[in-house]
Amino acid sequence: MSSPARLLKILGDKGSIPPGWADTVGSVPRELFLPDTVEVRGRTVARGERPQEWLAAVYDDVPVITQVNDGQESPQGAFRLPTSSSSMPTIMLEMLGLLHAERGHRVLELGTGTGWNAAWLAHRLGSDAVTSVDVDPSLVAVARANCRAAGLSPRIVCGRGEQGLPDGAPYDRLIATYTSPIPYAWVEQVPDGRIVAPWGGSFFSHSFAVLETADGRAHGRFHGYPAFMGTRTGRPARGYLSDFLHHRGEERETRSPLSPLSIAGDAEALFFVGLDLPDAWYLLAEADDDSGESTLWILGDDRRSWACADYEPGVDEFVIGQYGPRNLWDEAERSYRRWEGRGRPERERAGISVTREGERVWLDTPENVIA
């Protein structure tokens, strides 16, 4: 049977359920929070056509895409950007475990989506203790209905997540379900508590920032390797690789002794390089002919600059191409060398502080600011 009990068993067998959350996982049916047509593992599954497959996906430990392109109709063949989902339950529970929310805490959630995470919080803490905000009014309306169907009534409102929700402050806990920098407004609204949010820029966004707040400041560390959608506020354009490449044949060609795989194949390197390239993203395209060759593309969010680094097994230097006002490969290589010069530190040595002056990332101690 595909049911909350099945999901509870899957998560329990994985050791993914933090203390105190098992009853909630088994009591709030995910099917109440998903539309009849979803995308799972790259496939579209319609409940009316394949009900058993739909239920099996609902009660599996997988992310389920529930909206693309902000819910707008797109021409045939247009790039499809996932813009809302029901997150992988294991990742949701990892976040809730980091949040340390208990009875008596007031929680602000930013990024309501389907409402399932808000419903989990409401079941565990009480509906009156939970406020959730989403920028998309259509998602807000659906999430409210979903929560009502589950017999829960957290406060769900439409708003901009980076502003928090001042009229309900102060809160004891804040959790964001989309990748974002940490605005100081969140620190002001959680003056003595904890913030958990996916964090990072375009180049590397696979970190939870977990911060303790006090005395008008927040300090914390990075955990996990999550994959979340980015904030819609100021979201850079995304599309196919071809949408970012232009003036092919006019690139500046150089060579580098640094293998592109040294960057793309090392999560620690990606994190530290990403601190210096928050406004560019990368794509590793591997050859499909068993040659072992690949190309690392680095693409500016503004679509003005791009770089490519060709990897070939057994060579000592790699061909680099760069176009536009920025030399994106040179920027990435300089950042990589700085990371090497620091002794190739692991991400666990990095931390983040947020004050009225903004974010700072540091190494080992808050005084040693590196970004």
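**Figure 1. Polar contacts of Asp301 with Arg238 and Ser202.** In this predicted model, the side chains of Asp301 and Arg238 are joined by a polar contact of 3.1 Å. A polar contact of 2.7 Å links the side chain of Asp301 to that of Ser202. Asp301 sits in the loop that connects β14 (294-300) with β15 (306-311). Its relative accessibility is 14%, so Asp301 counts as buried, the limit being under 20%.

**Figure 2. Surroundings of Asp301.** When neighbours within four places in sequence are left aside, the residues in contact with Asp301 are Ser202, Pro236, Arg238, Phe244, Pro278, Asp279, Ala280 and Trp281.

Figure 3. Arg41 is placed in the loop between β1 (37-40) and β2 (43-46). With a relative accessible area of 64%, Arg41 is exposed, because the limit for that class is over 50%. The side chains of Arg41 and Asp60 form a polar contact of 3.3 Å. Apart from neighbours within four places in sequence, Arg41 is in contact with Asp60 and Val62. Between the C-alpha atoms of Arg41 and Val369 the separation is 40 Å, and the two residues lie 328 residues apart along the chain.

**Figure 4. The open sheet of nine strands.** The strands follow the order β7-β6-β5-β8-β9-β10-β11-β17-β18, and their pairing is mixed. At the edges are β7 (155-158) and β18 (358-363), each of which pairs on one side only. On average, neighbouring strands of this sheet are turned by 20 degrees against each other, direction ignored.

**Figure 5. Pairing of β9 with β10.** Strand β9 (residues 194-199) and strand β10 (residues 207-214) run antiparallel and are joined by six bridges. Strands of a sheet pair through backbone hydrogen bonds, in either a parallel or an antiparallel manner. Val196 has Val210, in β10, as its bridge partner.

**Figure 6. Helix α4 on the sheet.** Helix α4 (residues 89-99) packs on the sheet and touches β5 (107-110), β8 (173-176), β9, β10 and β11 (217-223). The direction of α4 makes about 145 degrees with that of β9.

**Figure 7. Helix α6 across β6 and β7.** Helix α6 (residues 137-149) lies across β6 (130-134) and β7.

Terms used. Residues numbered from 1 in each chain as written. Predicted model: local features only at pLDDT ≥ 70, side-chain atom pairs only at ≥ 80, totals over all residues. Heavy atoms only, no water. Pairing = 2+ DSSP bridges. Helix = DSSP H or I, 4+ residues; strand = E, 2+ residues; numbered from the N terminus. Axes fitted to C-alpha atoms, helices over the stretch in contact; angles between N-to-C directions. Contact = heavy atoms within 4.5 Å. Buried < 20%, exposed > 50% of the residue type's maximum accessible area, 1.4 Å probe, protein only. Polar contact = N/O pair within 3.5 Å; in protein donor to acceptor, adjacent residues only side chain to side chain.
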